Amino acid sequence: MTTLSTKHLLGIKDLTADDIHLILKTAENFKEVINRPIKKVPSLRDITIANLFFENSTRTKLSFELAEKRLSADVVNFSSASSSVKKGETLIDTVNNILAMKVDMVVMRHPNPGAAVFLSKHIDAKIINAGDGAHEHPTQALLDAFSIKEKIGSVKGKKIAIVGDILHSRVALSNIFCLQKLGADVMVCGPTTLMPKYIHSLGVKVEHNLRKALEWCDVANMLRIQLERQDIKFFPSLREYTMLFGLNKELLDSLSKKIVVMHPGPINRGVEITSDVADSAQSIILDQVENGVAVRMAVLFLLAGRA
Amino acid sequence: MMKPRIILDSKHLDITVTRLCYQLIEIHNDFSNTVIIGLQPRGIYLATRIHKKLQEILKKKDIKCGSLDTTFYRDDFRQKELVPNKTNIDFIIEGKNVIMVDDVLFTGRTIRAGLDAMLAFGRPNDVELLVLIDRRLSRHLPIQAKYVGKTIDSIASEKVKVEWKETDGADKVTLLSND
């Protein structure tokens, strides 16, 4: 296997296990590249990439932009806050106008689920989904899998707990697909109100007690409470959520084994995870960020390489 | 049908590698300011062989040898499927004399990519090229090797296959041609 089976990266659901392995293996090469004195390679020098962010982002946007620049691609950035979207332009019109300026690839984040799939059916460019609503965030799942593999050797056969706001999280869904395709055992943990109704059908374990979930797992991925997507109250107070589902040092140290702690960012320190845990030796949060650039370089390189 | 013809057998290949080593020593003395870089994927076997033999001849253990992958610097990206390999250069090449090693010199494009890739690790003082087989009639770029194991005249449709004991079971070089 030397090429991906898909033309776009719309979600982990469309990828095969071979695709994921190929991306992770290629990312290892790029991790070596970004640790060189000169971190740039000329592979994509004839490619122009548009980063379209219809929703706020720090890490993902910077990470994609760095990945593109380190592959020598030309980059144009767009964020909806300062654009004609505010004047009533539709998504297809906006994107077609950008493509008229000869863009080869589009990296898009959008608040509506399915926006990337919709776009891929209407325009002639390679699409990378950088998060569509509460649906998927494929590159985050890939970099999480890469980071787990790097830290504990493999993903296959490992037990991974995803804790927090599963209902509103695109990271949770993409992670479940990705980890299961790589042969891991996945558990989701959170309050009943933040658990999607048919989550069992994905073949994951469901737990509502944080301590039990942590005792079971090798890796805990702590998710943020997505207050911006919660139009109604899903739990009485943040303080109560923290007491029941927040990870603190005391709880971490009381476990029978040393687990790995992950967080996709942005962290709400003192809510889902305390500062001393986030900065502890068991946390790989900053490794995730570094690996994010390497994984995104691999995705861009492999998609651009497809004829 | 590809018909194989042996260009170098195991014994001759060993003699050739030994000769290349002495040619290197003639110019680079004790290798105190010289490093060896093998190009991925197939040049690393020759580089390792030469490195081992040089250490034996010079009775030194500290000659530097690394591997360099050229995938991200190639000009045929999108024309064929490229698989990246590991780059492992754990020494400084700034100001050093570099001997770049590959098994077959054909169009010269891999070497061109290799020169570009190497510059990401610093500015060498001097770069020389060593190849086992020089297919002298097939060059696309103005690139020549300073040290050559064997020069052959071949046409583009023919293929040169270099095999090593470590990976292919035996040391030999064959020319495959369509008859």
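How many of the six residues in strand β2 (residues 34–39) of chain B are buried? Six of the six are, and this strand is mostly covered.

## Before we start

This is a predicted model, in which local features need pLDDT of at least 70, side-chain atom pairs count only at pLDDT 80 or more, and totals for chains, interfaces and linings use all residues. Residues are numbered from 1 along each chain as its sequence is written, and chains are lettered from A and ligands numbered from 1 in the order in which they are written.

## A closer look at strand β2 of chain B

Let's stay with β2(B). B:T34, B:I36 and B:G38 point one way, B:V35, B:I37 and B:L39 point the other way, and all are buried. In a regular strand, side chains alternate between the two faces of the sheet.

β2(B) has partners too; strands count as paired if DSSP finds at least two bridges between them. With strand β4 (residues 97–105) of chain B, the pairing is parallel and has five bridges. Strand β3 (residues 64–68) of chain B also runs parallel to β2(B), joined by five bridges. You can find B:I36 opposite B:I99 in β4(B) and opposite B:C65 in β3(B).

## Chain B as a whole

Chain B holds four helices and eight strands. These are DSSP runs, numbered from the N terminus: helices are H or I with at least four residues, and strands are E with at least two. Their order along the sequence is β-α-β-α-β-β-α-β-β-β-α-β. The radius of gyration of chain B, taken over C-alpha atoms, is 16 Å, close to the 16 Å that the globule rule gives for 179 residues, so chain B is as compact as a globular protein of that length. That rule is 2.2 Å times the number of residues to the power 0.38.

The C-alpha trace of chain B spans about 50 × 40 × 30 Å along its principal axes. Of its 179 residues, 40% are buried.

## Two domains in chain A

An assignment, automatic or from a database, divides chain A into domain 1 (12–137 + 289–305) and domain 2 (138–287). Their C-alpha centres lie 25 Å apart. Where they touch, 25 residues come from domain 1 of chain A and 26 residues from domain 2 of chain A; a contact means C-beta atoms, placed from the backbone, within 7 Å.

On the domain 1 side, the elements giving two or more residues are α1 (17–33), β4 (126–132) and α11 (285–305) of chain A. The largest share, seven residues, comes from α11(A).

Leaving out residues up to four places away in sequence, A:V163 touches several residues, including A:L210, A:A220 and A:F245.

## Where the chains meet

The contact between the chains takes 13 residues from chain B and 14 residues from chain A.

How values were computed:
Two residues are in contact if their C-beta atoms, placed from the backbone, lie within 7 Å. A residue is buried if 20 or more other C-beta atoms lie within 10 Å of its own, exposed if 12 or fewer, and partly exposed in between; C-beta atoms are placed from the backbone.
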